[in-house]
Amino acid sequence: MDSLRMIENWPVPTAAAGVVLADGTVAGRHGPTGQRFPLASVTKPLAAYGALVAVEEGAVELDEPAGPEGSTVRHLLAHTSGLAFDEHRTMAAPGTRRLYSNAGFEVLGDHIAKASGIPFAEYVRQAVFEPLGMADTELTGSPAKDSVSTVDDLLRFAAELQAPRLLARQTLDAAATVAFPGVNGVLPGFGHQKPNDWGLGFEIRGRKSPHWTGETSSPRTFGHFGQSGTFLWVDPEAGAACVALTDRAFGEWAAKTWPTFTDAVLADLRTTSA
């Protein structure tokens, strides 16, 4: 895919990217796709997937209490628990505001560890990384932001997000559907969004503007980006997913280049399938 070569012009020391189709075929790779990069908040979809496996295994339930009073596992996954960004402090009633919260994912990890009797990092390794063959991926600390991985491993995960083997299809579909519709909030790096749509661990593009995906990305696009200059998106309408990892912190450069890159990838995919 010629579009992947655009990463050569990004103002970063190192970048790697890849695209995987809904049938699991890798449509293209570029850069050092076997190199490990810190993921920052791209950790959250991995942690969320582990949480959803825990739900299917019966270790926890989506609507059981977890976090602040009135909050549930579902609220924690959807950033509507009311917890602050990086503090275990309640800022709003559950379900009323989309308060993006690292603390919420840390509470979620602790909750699942207590329910399962397994440290959360080990739970995710056994439930997600190991069965998908993600041998170079590791959760090293906070389930909100402390994992490392490679493009190659994340392409395996992105294939799972299109054709799930570890979860029931309806579970994944629910996770990629807006939870608590109509809730407003700030999308980090892109300002206040009305509404600020999220699923269960995945940000949903919807009609947000500005956004880190492309102008031609479908509203159903879901995924996550990280402050370490990383992203993963799945566009069900395009039948494909894209991963890009870099070693430069997110900033204006990313907000400017990522949407153009995504539009080029989607154009490449349309040309290929025509």
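Buried here means under 20% relative accessible area, exposed means over 50%, and partly exposed lies in between, with a 1.4 Å probe and protein chains only. The model is predicted, and local features need pLDDT of at least 70, side-chain atom pairs count only at pLDDT 80 or more, while totals for chains, interfaces and linings use all residues. Residues are numbered from 1 along each chain as its sequence is written, and side-chain values use heavy atoms, with hydrogens and water left out.

**View 1. Two residues other than glycine with positive phi.** Most residues other than glycine have a negative phi. His 79 has a positive phi near 55° and sits in the loop between α2 (73-77) and α3, helices being DSSP runs of H or I with at least four residues and strands runs of E with at least two, numbered from the N terminus. The relative accessible area of His 79 is 2%, so this residue is buried. Ala 40, with a positive phi of about 50°, belongs to the loop between β3 (37-38) and α1, and Ala 40 also counts as buried, at 14% relative accessibility.

**View 2. The crossing of helices α1 and α3.** The axes of α1 (residues 43-57) and α3 (residues 102-116) come within 11 Å and cross at roughly 35°, where axes are lines fitted to C-alpha atoms, for helices over the stretch in contact, and angles run from 0 to 180 degrees between N-to-C directions. In α1, Lys 44, Ala 47, Ala 48, Ala 51 and Ala 54 meet Asn 102, Phe 105, Leu 108 and Ile 112 of α3, contact being heavy atoms within 4.5 Å.

View 3. Six strands, paired antiparallel, form an open sheet in the order β2-β1-β11-β10-β9-β8, and two strands pair if DSSP finds at least two bridges between them. At the edges are β2 (26-30) and β8 (203-204), each of which pairs on one side only. Strand β8 is joined by two bridges to the antiparallel β9 (residues 222-226), and Glu 203 has Gly 223 as its bridge partner in β9. Helix α5 (residues 151-160) lies across β1 (15-21), β2, β10 (230-235) and β11 (240-246), and runs at about 25° to β1.

**View 4. Two cis peptide bonds in loops.** Most peptide bonds are trans. The bond from Lys 194 to Pro 195 is cis, with omega near -5°, and Pro 195 lies in the loop between β7 (191-193) and β8. Ser 209 and Pro 210 are likewise joined by a cis peptide bond, with omega about 0°, and Pro 210 is placed in the loop between β8 and β9.
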